[in-house]
Amino acid sequence: MSDEKKYYPSKAFQEKAYIKSMEEYQKIYDASIKNPEEFWKEVAKDITWFKPYTSVFEWEDKEKYLYSWFKNGKLNVSYNCLDKHLEKNAEKIALIFQGEEESNVKKYTYKQLHLEVSRFANVLKKHGIKKGDRVSIYMPMIPEFLISLLACARIGAIHSVVFAGYSTQTTKERIEFAKSKMLITADGSLRAGKKINFKEEVSKAIEDIKDIEKILVVKNIDIPLTLKENEYIYQEEVKSLDILDTCEPEEMDSEDPLFILFNSGTVEKPKGTLHTNAGYLVYTKETFKYIFNYHQDDVYWCTADIGWITGHSYLVYGPLANAATVLMYEGIPTFPDNETYWRIIEKHKVNIFYTAPTVIRSLMRYGTDPVKKHDLSSLKLLGSVGEPINPEAWVWYYENIGKSNCPIVDTWWQTESGGFLIAPFPGAFPLKPGFATKPFFGIDADVLREDGSKADVNEPGSVVIKKPWPGMMRTIYGEHQKYLDIYISKYPGYYFCGDRGKIDEDGYFFIIGRMDDVIKVSGHRLGSAEIESALVSNKNVGEAAVVPFPHEIKGQALYAFVILRAGINPSEDLVKELREHVAKEIGPIAKPDKIQFVDSLPKTSSGKIIRRILRAIAYDSEDYGDLSTLYNPEVIEKIKSKKI
Ligand code: WT7
């Protein structure tokens with residue numbers, strides 16, 4: 001093994017682990033790669049099927065990368081997350097909701113959650129939502145957010161969640177793309193003590209979207225609410241006599257769509273990642289169990305917003321499919337103070353805590369005093385997701401939150417993958433800070449060179465995966481060719497995930513970062529093209545290029561190079577205006593931290609911006625890559641001399 005410092009699981013942890021040693025992992029892993037169908041067939045026995053499937057995996061059209069997992073099987077995801085548990089776990093707590101106000105706690109047993117979801121599903125049905133209809137959801141972190149997803153799954157409606165931090169314009173685009181018939185939202189919510197009016201925000205977004213026939217509003221806080229025609233308050237609807245407490249789960253085909261979730265990529269427009277019923281359920285269920293080493297009495301907390309894939313897979317579907325107890329928190333880590341997360345862990349005796357490196361880094365700043373005030377001894381396992389975790393943050397997390405007694409699972413995956421691709425089996429793997437370690441069962445991952453050959457040990461290259469896995473996205477909603485172009489065609493026979501990584505002498509994967517124009521800011525995924533087009537839509541801007549630069553808390557932040565239109569002079573006010581403009585167009589998360597006004601940008605002779613040069617400048621690096629196609633070499637020094 002390599003000589004970096006390694007962190008081993010304790011004997012006590014190991015004894016309770018599903019996978020106890022590297023050898024045990026390797027044996028199952030090898031078998032899962034050799035015969036994936038046999039492997040997933042065993043796993044799928046854990047699912048309740050209304051009708052059995054006829055084959056585990058089958059190519060439908062290899063050229064077009066179309067395939068079926070669990071072909072012809074019939075099932076219902078909400079049934080598998082709720083009804084299935086009623087026999088043994090009806091009284092077990094499924095959901096603990098902790099509101100921003102400390103006294104605002106709601107707990108739902110599996111029986112209660114089943115009831116709430118059934119009622120919600122009946123309200124959707126009453127309003128004409130049927131199998132296959134799209135429903136957009138724009139919600140704060142309240143129980144009804146989770147309930148609304150499961151309600152859609154129950155009746156076979158395809159949910160399409162839009163993260164509630166997006167601006168009106170971005171929200172509008174995403175709702176329009178999905179052609180949703182209904183929008184589910186809330187009147188408002190508390191954010192850092194302030195009342196935010198959700199309904200008003202989202203109403204602006206959908207003003208002229210014709211497809212939306214109705215809006216269902218969950219009343220959450222005391223805030224003025226005006227309803228127009230075809231807008232309904234959920235609590236009123238559910239009271240009506242014809243809303244029953246039971247709702248037959250719709251029989252869904254394995255490959256029927258379960259949800260669409262938008263993400264950013266190399267293209268200007270958002271891409272709707274499509275996930276289907278059976279494969280996604282099987283995959284999130286299995287990965288949740290093994291990587292979090294979930295046992296039946298554990299309280300599990302995932303801090304992600306349900307508006308992201310982490311929330312979908314590991315706050316809603318994965319945990320509930322395992323009959324887990326999930327904690328959900330309404331607020332942010334730094335309100336009312338910087339002890340909030342530690343207080344919640346102590347109060348609810350959280351055993352498994354899953355968060356993002358940016359959260360760790362932002363809380364590290366306050367030192368260990370806020371942590372020491374709380375009893376965190378309930379913790380058994382910690383998790384990290386969304387971006388590479390720097391070793392310093394890893395060690396701080398390990399020593400101060402886990403008290404050097406909890407393994408950290410650094411989970412590498414994507415919206416597209418549905419669930420974990422590379423992550424430690426915590427009872428089996430020695431950990432090395434910064435390494436996501438090894439692939440999950442059935443995941444044939446590798447690192448390739450540009451020319452498709454296999455990279456050497458420790459040689460950086462593209463991370464790829466051979467063969468589809470059950471939780472893999474099926475397409476970009478309505479744009480299959482784009483799906484093929486982005487993910488499939490680059491390395492024939494492999495899925496290309498857009499990340500750069502390397503494999504070390506222990507066979508451990510180290511993820512370096514994105515290779516494309518995706519920028520990860522505080523773990524959130526932004527496309528440089530989206531931000532550039534937002535900048536250019538300002539009347540003062542002629543051209544713009546956006547690249548990342550390293551940021552202590554956010555991991556990466558945005559550096560915008562902007563060419564102003566003729567006659568417009570640079571000023572501090574203009575910097576402010578442009579930042580606000582981007583916030584309005586996309587959302588506050590997309591505000592550039594730095595804006596530098598320039599006269600020209602590095603371009604090829606055909607006029608294409610060479611972003612990697614700007615990226616090197618932003619990183620204070622001289623590593624510009626190949627400069628032979630650069631048409632205006634003088635620009636490098638010019639831009640560098642005025643660097644912010
Ligand atoms: C991209 C996917 C994974 C769900 C939440 C984000 C980066 C994610 C890690 C990690 C290094 C990571 C990758 C990936 N990423 N997790 N543990 N180590 N990088 O999903 O918004 O679709 O972003 O996030 O670059 O491709 P997403």
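## Cysteines

A disulfide here is a pair of cysteine sulfur atoms within 2.5 Å. With that cut-off, a search of the whole structure turns up 0 disulfides. Take C247: it is in no disulfide, and the nearest cysteine sulfur, that of C152, sits 11 Å away.

C247 counts as buried because its relative accessibility is 5%. C497 has a relative accessibility of 1%, so C497 counts as buried too.

## What sort of model this is

You're looking at a predicted model, where local features need pLDDT of at least 70 and side-chain atom pairs count only at pLDDT 80 or more, while totals for chains, interfaces and linings use all residues. Residues are numbered from 1 along each chain as its sequence is written, and side-chain values use heavy atoms, with hydrogens and water left out.

Most residues other than glycine have a negative phi, and most peptide bonds are trans. Now for some exceptions. F335 and P336 are joined by a cis peptide bond, with omega about -5°. P336 is in the loop between β17 (325-329) and α13 (340-348); helices (H or I, at least four residues) and strands (E, at least two) are DSSP runs, numbered from the N terminus.

K179, not a glycine, has a positive phi of about 50°, and belongs to the loop between α8 (168-178) and β8 (182-186). N458 also has a positive phi, near 65°. You'll find N458 in the loop between β22 (444-448) and β23 (461-466), where N458 is partly exposed, with a relative accessible area of 36%.

## Around the ligand

The ligand is surrounded by 17 residues, the closest being D410, T411, T415, R514 and R525; a residue is near a molecule if one of its heavy atoms lies within 4 Å of it. By class, the shell divides into 6 nonpolar, 5 polar and 6 charged residues. Here Ala, Val, Leu, Ile, Met, Phe, Trp, Tyr, Cys and Pro count as nonpolar, Asp, Glu, Lys and Arg as charged, and the others, Gly among them, as polar. α12 (309-321), β20 (408-411) and β26 (509-514) each supply at least two shell residues.

Which side chains have a polar atom lying 2.5 Å or 2.7 Å from a ligand oxygen? That's T415 at 2.5 Å and R514 at 2.7 Å. The protein buries 95% of the 550 Å² that the ligand exposes when taken alone, with areas from the Shrake-Rupley method and a 1.4 Å probe.

Definitions and conventions:
Buried < 20%, exposed > 50% of the residue type's maximum accessible area, 1.4 Å probe, protein only. Polar contact = N/O pair within 3.5 Å; in protein donor to acceptor, adjacent residues only side chain to side chain.
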